[in-house]
Amino acid sequence: MATDNILILLEVTPDGHLAKSNAGLLGIAAGLGKPVALIVTSQDDAERLSNAAAELGAAQVLLADDDSTSFVTPSVDALEGAYLATTPTAVIATHSAYARDVLARFAVRMGLAINVDAVDVTRDDQGIVARHSAYGGTYNVTSAVTYGAPVITLRAGVADARAVAQPVAAEKLLVTKSVRRSAVIDAREVSDAPVTSRPDLRGADRVISGGRGLGSAEGFTLVEQLADALGAAVGASRAAVDAGYVPQSSQVGQTGVQISPQLYVALGISGAIQHKAGMQTSKIIIAINKDETAPIFDVADYGVVGDVFTVVPKLLDALAAADS
């Protein structure tokens, strides 16, 4: 086992907890070397988040203060400081809006190569190798850098590996603030998120998605019923979103959310290349569609040719019977 440092930027949710995707990042890092986690947070949350990171497998935790008055640049400064302090073999983070911004700026600042939206990260006798699902999943591509540490964003949900819990080893990182220009935060406002017991789409282990085949917003309730029966998140194709069945935040695809759950069920989704690009790295894919020539069947592990309004109610009855 290599003992090289692998630097991981851990993401903190708006409510002050480690994002669910961090468990997979630390699992990947533990297979590559020594997981060193960087957390940019407030002093009030530092100890709690350090303990949580160690429980997920971080062998070392570096803590940097979050500057609530600036946007992104303080995180880039912290990542630069952590990089110089640990000289890692690779730098990885989740492929989220926040991490993409931070890692892209960091890579440019440090003159390092960046690999985005990887679906796996391994190492061979020459170093770190990233694997990507390219051109909407048409090709699997491997990439490696010829100099320096690769900077990699990893698609949420693709990592099955989990690291062994470690003793807490946290330390404060002294960060030199850069003089680079940064957007200034004048005010913050927390929007009221819809109250739901369903898991978040981006980190869910199970996702039930619906497409234009549901016919209407009322018909889309069938997706929600199956999702609730399986404890799954709700997703949708772009066609369903454009038709107004569900909000855009539910869109799965190249221009929506890209996910890799353990189970993905597609109801009434034809399977355009844009949609498949966002879900075909799922571990198990089940498609229900009355069109036997629908492209979704090309990537499905299991397929049912039939009307969703006939098949899904029978499935719901079977699930209810199994629970009784």
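Predicted model: local features only at pLDDT ≥ 70, side-chain atom pairs only at ≥ 80, totals over all residues.
Mentor: Residues are numbered from 1 along each chain as its sequence is written, and side-chain values use heavy atoms, with hydrogens and water left out.

Trainee: What makes E13 and E14 a pair?

Mentor: Two strands pair if DSSP finds at least two bridges between them. Strand E13 (residues 284-289) is joined to E14 by 4 bridges, and the two run parallel, so they pass that test. Isoleucine 286 stands opposite tyrosine 302 in E14. By the way, strands (E, at least two residues) and helices (H or I, at least four) are DSSP runs, numbered from the N terminus.

Trainee: Why is helix H1 called largely enclosed?

Mentor: Buried means under 20% relative accessible area, exposed means over 50%, and partly exposed is in between (1.4 Å probe, protein chains only). In H1 (residues 22-32), 9 of the 11 residues are buried, so the rest of the structure largely encloses this helix. Among them are Leu25, Leu26 and Ile28.

Trainee: Why is H5 called roughly parallel to H8?

Mentor: Their axes come within 10 Å and cross at roughly 25 degrees. Axes are lines fitted to C-alpha atoms, for helices over the stretch in contact, with angles from 0 to 180 degrees between N-to-C directions. Under 35 degrees counts as roughly parallel, over 145 as roughly antiparallel, 65 to 115 as roughly perpendicular and the rest as oblique. So H5 is roughly parallel to H8.

Trainee: Which residues make that contact?

Mentor: Contact means heavy atoms within 4.5 Å. Including Leu222 and Gln225 of H5 and Phe309 and Val312 of H8, the residues of this contact divide into 11 nonpolar, 1 polar and no charged. Here Ala, Val, Leu, Ile, Met, Phe, Trp, Tyr, Cys and Pro count as nonpolar, Asp, Glu, Lys and Arg as charged, and the others, Gly among them, as polar.

Trainee: How do you know whether threonine 87 is buried or exposed?

Mentor: Threonine 87 has a relative accessible area of 62%, so the label is exposed. This residue lies in the loop between helix H3 (73-86) and strand E4 (90-94).

Trainee: And what about aspartate 117: buried or exposed?

Mentor: Aspartate 117, in strand E5 (residues 114-124), has 13% relative accessibility, so it counts as buried. Its phi is positive, about 55 degrees, although it is not a glycine.
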